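Please look through the structure below before reading on. The paragraphs that follow go from domains to single residues.

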Amino acid sequence: MKLILLLCALPTIAWPAAKVISLRTVPAQATIQGARATQQFLAIAKFSDGAERDVTAQAEWRIDKPIAKLTGTARVAPLADGTATLQATLAGAQARSLIKITNATASQPVSFRREIAGILTTRGCNNAICHGGVKGQGGFKLSANALYPADDYDWILKGGGYQVLTSEVKGERIPRVDLKNPQQSLLLSKATNTKPHAGGKRLELDGDDYKTILAWLQNGAPFGDKNAASLTRLDIFPSMAVMPLEGQHRLLVTAHFSDNHTEDYTHQALYTINDGEVASVSAAGVITAKRRGETAILVRAAGQLASAGVGVTGAPLTNYPKLTSNNFIDDHINDKLRRFQILPSDPATDSEFLRRICLDLTGTLPPPARVREFLASRDPSKRSKLIDALIGSPEFVDYWTFRYADLFRVSIFANALSAKGMAEYWEWIRNNIDTNRPYDEVARERIAIEGYKPPSRHFLPYAVIATPQEAMGEQVRVFFGRRMDCAQCHNHPYENWSQDQFWGMAAFFSRMFRMGSIVMDHPTNMDLGTKDVGGSMDLLHPRTKAAVKPAVLDNAKLAITPEGNPRRELARWMTSHPYFAESTVNRIWGHFFARGIVDPVDDFRSTNPPTHPELLAALGADFVKHRYDLRHLMRTIANSRTYQTSHKPNSTNRDDVVNYSRALPRGIDAEVLLDAVTDVTGLPEAFSTAITDGATVGQAPTGTRAIQLRDPDTFYSRFLELYGRANRGAVPERSNKPNLSQALHLLAGSTYTDRLSRPNGRLAKLLAAGAPDETIFTEFYLAALTRAPDAAELSELKSVLAQRTDREAALREFVWALISSREFAENH
Amino acid sequence: MYAYWAALGLLSLAASAQTRVDPRALSIHPFTGQRGTTFTAKLRGTNLAGASAVAPNNAPFQITIEGIEPEPLEPGITRRTPVDLVKLRVTINPDAKPGRYPIRLITRNGISNALPIHVSEHAQNIEPEGPHESRDNAVRIPSIPAVFTGKIARRGEADYYSFHVAAGQTLTFELLSGLPQTAAGGSAATIPNFDPAITVYEPAGSWFDPARLKRIAYNDEPVWVIGKPTDAHLVHTFDKAGDYLVRIESFAGQGGPDYSYALKIASGAQPPSWHDTPGIDDRSWSRRIESTRLTKLAERGGKQDKHPSIETYRATPEPTPVKLPATIEGTIAQPTEKHRTTFRIDKPADIAFEFESPNAAPPFFNPLFRLIGPAGDEVASNVFAGRGACSGAMTKSLQAKTILPLRELGEYTVEIREATADLASPDFRYRLLIRPQVPHVGRVQFEIDALNLPQGQGKSIRVNFDREEDYRGAVIVAAEGLPPGVSAVAAADYEPDRDPPQNLGKRERYTARSERVVLVITAAADAPASTQPHEIKLVARSLVDGKPGAVLAAKTFPLMVLGK
């Protein structure tokens, strides 16, 4: 019945012939510098159905002065210096862009740095699976996407083989160009496949790119101005291209240079798409929708990589309703839902909300009395009041200490092999959570800590100082949500990080040293016994063997002194960088929604763009504005309509898993699930630990919850082992996927079977009090599922019970069935 | 010569004789008492059968044994060694000075190891029978100050106590262990001891559970250092008036019959009742560097030289010239604060640098000095660098003492800082003594607690000592007060070879040359059996130019000759 009502309430699906309401051109103004430069324009129309679509191909284009010409669809090439207006017309609507042209007739020879490197990129020669790979291909190495054009120039003009572990050239140096007979150059003959080429034909003989390379060779193969501004960033318009099935959208790529000028790179970029079943993309950057869904376009040019989202919508809905918004989160989410013509599920019921918010904020199920009270309350603000109560509860402190003990790796093995060190580190985390310490302060202390202070212990896995690359990689992953590890051995194939950048970042940790039991940063201007043992404190680049100096990713200048702590400067830079706020809010968001705006939450990269970039930015800005207050962030998320959406799908969002149109059910973490079993059965778990004082091993005091254990991995627990507790040897990646061992444990494991026959539990107490069957059923439903059984369930339960002669045994089986159910084991 | 062969003969006899197992006292419960009162306690141990008396060693109390019984075994439990329970009656003198006093039991197997009885000025309360493992059955503390003795009798046990405070009141909680760390070496994880921890709770309740306790303070010592107590100490100021609870448990939840504790709660911020006594070890950070140090060191080297008093200089950021010997005194109160001083060497000299940091020592305060030579290069520091035997990885550690020869003449600069760039505190006080080297005997360590010697047998005692600053004299060790029939002779013990380290760097700058004297104490077959312990004194002296020097160190211990 509920489903029928839902369908009736949905707007009807229709494909209206929408009218153009307005038109705009992008960019609104542009400067074209030099004879070789061009500028791509787009026309975007707003339709009567509220949608915006690319109509570049459909519009009529005209330039009002003969200083420029159209060379393709809305692509303008210069003829003479001056200004002109470009006009687009469609269905009676008009839009204009201003064009300014300079140096239109100045001689501009082809250079390697700009034209040739661009061709190598757009033709895919220097991508990660070809010559841009770690070792290159066929002995020919190019930097990925022309990241290092000077190196590429050398490999092409001088020849020789690349080696990963040394900068020495391998083998005889045979140039890939022949300046006396340019057409015989390997660079051309291989690319045109006139000489055997494993990569096949990349250039057409007499094609534009072929001609450009040939002209460059005939001109002596100049590198170009070595001091010319370098490309620092690519911007893509639009950041999210939304189109209906079989619709098209053109991309506009703008390159930003180090001298602050910009150029159109739309036709000098390489386009690839993550999911080719959703859409395809042409070499000119035109996307064609294929099926409903979302994916990303990756754009590479001159060593830079950027991405844009692509959304293919279903049939437009008529009368798309105005959606409820509790705060800015809902504004962003609703906006995209509307653009994608997806309706969010109904608001979660009180029961659904109560269970979800208790698990998400405290890892604890609400007791039956509180469930009854909440469900009965008619207070319109009861949800926000509950959120405040939970955030202020000691259970919140327990739970988030547990979560951050996971992320920050509280572990006897990871913390100097010392139970004391591990305990002090855990206490530090707990104190930070309890006092709601601003998260940037927490991060700064953890990154830069010295001496014997508690967080310093995490730099001592197995009691030895962590290597610079491990230490850096972990901080970047935890606080920047990025994984730089690939760049340790070579330039990152799916990201802009170079090997040099990796080691530059690692160098901040290279002087970290274990002096006795303290962690310190060795001064650069002091020997302190190093020469006594023929040692060195320098961090050497694995390939060039040169000493590496600390350098941050954006090359910002940091005030590093010879006797200072370089990690302190790094920590300041990291916590003031936008990456810090956006990765933190994304991690917390991922906790509440089972999916990050960037997912996985610690895998930010250009090739894995956010589903809601504006929301991510807004959440980050709000986090900074509220002084990195995690509780404020959680409160904001929990109060949103988006969070309080039901997990039950409707006809428009059944396939949606990225737009938060419905809550995604997910498995409960091992420790939380074990505590839930304990709470429902009313029988505490006994946790024995392997930590000994030499006389006996320890045991957690009675009533200790699994989430209160400092290092769960040091406690014997078959349940925690089977359900995926983290050993925290590395930043944990928990998997809540069920497995066969769990199924066997459900049937025969002590957590589910022995426990039910123990005295003093919830069932035993109810039986001793003479509770009737319905009371027992209801009590357990409330405890386990945060809802009372519905009439059908109650009737079924009574019927089953009536068939059994041993009432107590039957009720034990009922409890077993309840805590074995998927509804219990999931947060939904 | 006769005595030597006799001793050897006795030793060979001893090897074939049946081994007598020493009595061992494991714990006393309760182990604290108020002066002017009498209380009963149970001492738990092994081989205590026949205990007849207690040797309180000049303690301000009298102890009588009221009974001995074997500890009943719990069903299903087996033990290799039976445990005895000795019931003691302790009467403490009204004028007793508060503190720890060791006691030993005298049994037919000899004298036991020592365990302390704590004398307090406060009334003692004993944890009532029954569980106190929750808010509902917490032991009520009616007034403060208070001392409660209790026991964590099994693994996972936690005892709760409740008390009332006024708003803004500060309390000091101290938790003394009845099974303190006893071993002298080895890994912290393998040394049997009861390491207690304190947690303070507010019974604030929560949305989930109105009886839920809110954890508001916790303490455990952060460093596990061999020989230092692991007792917990916590000072907390309560914002709100009301009832609170304190939870007592062992670190990581161990427990057992020896896990006795004494909980002391006092008003105000009080220092721990235990504190480090200044060390005399040359290489300890806490030994006092006095103006008479050169004279005292000379005495330890067997010389009666009178050295002039050492002048103390205030440390400054700008180089301050000093004349050796000199003590530089300063505080690293700001991060990266650095102090400098200069001195001249006009003829080749062997110099020693000694750090003292009275309020905080490594790993909390890490004083570092660096010596810059006349040519401006770094000549030395107090960082001992080496390469490990396994991986060859470089290791470094800070040393309180550094010695080195200075052969280059001219002006030297000493830079002093905290090793880390970020740490500083008003407690980071230091004194750095720069002086000529004085050959002397450093640390002397006697490896003996008590000796039970069956007739016709002998046992060895090791005495370890350090030769400091090229001390070349001998070290004499004598045993005084031996009873009739008992003698002491010199011997040599087996010393196993060790793998040579890969690279110990400039070890001679940072470590003393350690040696060992072995004494064998033998009881003749007809030596009279002891009824009471004899107090034996071991005395170590230097011997230079044939002349015995002043006493370097002495240790008394009880000895009993056991009849067959």
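Into which domains is chain A divided? The assignment for this predicted model gives domain 1 (20-102), domain 2 (112-218), domain 3 (231-313), domain 4 (437-576) and domain 5 (665-828) of chain A. Between domain 1 of chain A and domain 3 of chain A, the C-alpha centres are 19 Å apart. These two domains touch: 10 residues of domain 1 of chain A are in contact with 11 residues of domain 3 of chain A. On the domain 1 side, S3 and strand S5 (52-54) of chain A are the elements that give two or more residues. That side is made up of 4 nonpolar, 4 polar and 2 charged residues.

Strand S3 of chain A also belongs to a sheet. The sheet is open, has 3 strands in the order S3-S8-S7 (chain A), and pairs them antiparallel. Strand S3 (39-40) and strand S7 (68-72) of chain A are at the edges; each has a single partner strand, so one side of each has no neighbour in the sheet. S7(A) and strand S8 (residues 75-78) of chain A run antiparallel and are joined by 4 bridges. Within this pairing, A:Leu70 has A:Val76 in S8(A) as its bridge partner.

How confident is the predictor in chain A, on average? The mean pLDDT of chain A is 91, and 97% of the residues score at least 70. Residues 1-16 of chain A are another matter, as pLDDT stays under 50 there. The model has 20 contacts beyond four places in sequence for residues 1-16 of chain A. Where pLDDT is low, predicted coordinates should not be read in detail.

A:Ile637 lies in helix H18 (residues 630-639) of chain A. A:Ile637 counts as buried because 21 other C-beta atoms lie within 10 Å. Leaving out residues up to four places away in sequence, A:Ile637 touches A:Ile329, A:Ile588, A:Trp589, A:Phe592 and A:Tyr643. One of these, A:Ile329, is 308 residues from A:Ile637 in sequence, yet the two are 7.4 Å apart in space, C-alpha to C-alpha. A:Leu744, by contrast, is part of helix H21 (residues 740-748) of chain A. Is A:Leu744 buried or exposed? A:Leu744 is exposed, because it has 11 other C-beta atoms within 10 Å. From A:Leu744 to A:Glu470 there are 274 residues in sequence and 38 Å in space, C-alpha to C-alpha.

The largest nonpolar core has 321 residues. Those with the most contacts inside this core are A:Ala43, A:Ile297, A:Val299, B:Tyr161 and B:Val463. Helix H11 (residues 419-434) of chain A gives the most to the core, with 8 residues. Beyond its neighbours within four places in sequence, B:Tyr161 has contacts that include B:Ala138, B:Phe148 and B:Leu263.

Chain B has its own assignment: domain 1 (23-119), domain 2 (122-275), domain 3 (293-438) and domain 4 (442-562). The C-alpha centres of domain 2 of chain B and domain 3 of chain B are 41 Å apart.

How many residues does each chain bring to the contact? There are 52 from chain B and 50 from chain A. On the chain B side, strand S16 (214-219), strand S26 (378-381), strand S27 (383-387) and strand S28 (394-398) of chain B give two or more residues. S27(B) gives the most, with 5 residues. By class, the chain B side has 22 nonpolar, 16 polar and 14 charged residues.

Methods. Residues numbered from 1 in each chain as written. Chains lettered and ligands numbered in written order. Predicted model: local features only at pLDDT ≥ 70, side-chain atom pairs only at ≥ 80, totals over all residues. Contact = placed C-beta atoms within 7 Å. Nonpolar A, V, L, I, M, F, W, Y, C, P; charged D, E, K, R; others polar. Domains from an automatic or database assignment. Buried ≥ 20, exposed ≤ 12 C-beta atoms within 10 Å, placed from the backbone. pLDDT = per-residue confidence, 0-100. Pairing = 2+ DSSP bridges. Core = buried A, V, L, I, M, F, W, Y, C linked by C-beta atoms within 7 Å.
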